[in-house]
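Colleague: I would like to learn how to read aromatic pairs and their surroundings. Can we work through an example?

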Amino acid sequence: MRLSVKFFCAAYLIVLLASGICGMVVIRSVTDALWDARVQQTETAAAYVAESWTALTDLSPGKLSEAKRTAMLRQIEASLDDSVSSVKACSAEETYSEYRSLSHGEGFSRYVQKEERLFLEISCLLSNDGNRYCLILSCDFTARQIQCQMFWDLYGIVVFSVAVVSGALLFAADKWLLPAADAAEYDTEGCDFAGESEFARLI
């Protein structure tokens, strides 16, 4: 294998690895920061909903009727921004068994796919006068998911562009610069060989 071919392959691999790894680290950091910010926003909204629900139920002791729960939820939703898709409140006995095992103030979060849209649901169980209610706050993460995917698509385009441009530049260097350097080195070696032959003949 010629020296120029070795140079081309080594330099090309170095450029691809450097651009690929560095770009991946940057994109991963950006997308993680965007996603975590959205999750933090949802968790803050869920905490506000739980506090507001507790304050309202303290003013209405006893078991809440469906109409009362709906009115309380409308009052809470009026204070939320558009980042919250929906807020539901139901009796712990009316919902899934996984909620019934929770204690007061406990909850969990999960991602739910609904008709090609991604939602983050944060659930919390609250008790009041022996009545247990499950609050479920849902936020649409589809826009944030698309945004993060756009960054990864842009990363792929940039890496491909770097591969094409760097390949063209390295090919040009391999085709014109290195052969010229090889020719100069060959001429220098030829001069040295001639000098050594002349010296040997004189001896």
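Colleague: In which helix do Trp-152 and Tyr-155 lie, and how many residues apart are they?

Modeller: Keep in mind that this is a predicted model. Both residues lie in helix H4 (residues 142-202). They are three residues apart, about one turn of the helix.

Colleague: What describes a pair of aromatic rings?

Modeller: The distance of the centres and the angle of the planes. For Trp-152 and Tyr-155, that is 5.7 Å centre to centre and 90° between the planes. The pair is edge-to-face.

Colleague: Is Tyr-155 buried or exposed?

Modeller: Buried means under 20% relative accessible area. Tyr-155 has 16% relative accessibility, so Tyr-155 counts as buried. Trp-152, at 23%, is partly exposed.

Colleague: How many aromatic pairs are there?

Modeller: The count comes to five. One of them joins Trp-35 and Tyr-111, with ring centres 5.9 Å apart. The planes stand at 45°, so this pair is tilted. Trp-35 is in helix H1 (residues 3-59) and Tyr-111 in strand E2, 76 residues apart. Ring pairs also bring in Phe-141, making a cluster of Trp-35, Tyr-111 and Phe-141.

Colleague: Where does the charged end of Arg-38 sit?

Modeller: Over the ring of Phe-141, 5.0 Å from its centre. Lys-114 lies over the face of Phe-119, at 5.5 Å from the ring centre.

Colleague: What stands opposite Phe-119?

Modeller: Val-112 does, with Phe-119 in E3. Strands E2 (residues 107-114) and E3 (residues 117-128) pair in the antiparallel sense over eight bridges. Their hairpin has two residues between the strands, and Glu-115 takes a positive phi near 50° there.

Methods:
Residues are numbered from 1 along each chain as its sequence is written. This is a predicted model: local features need pLDDT of at least 70, side-chain atom pairs count only at pLDDT 80 or more; totals for chains, interfaces and linings use all residues. Side-chain values use heavy atoms; hydrogens and water are left out. Two strands pair if DSSP finds at least two bridges between them. Helices (H or I, at least four residues) and strands (E, at least two) are DSSP runs, numbered from the N terminus. Rings of Phe, Tyr and Trp (its six-membered ring) pair if their centres lie within 6.5 Å; planes under 30 degrees apart count as stacked, over 60 as edge-to-face and the rest as tilted. Buried means under 20% relative accessible area, exposed over 50%, partly exposed in between (1.4 Å probe, protein chains only). A charge sits over a ring if NZ of Lys or CZ of Arg is within 6 Å of the ring centre and within 35 degrees of the ring normal.
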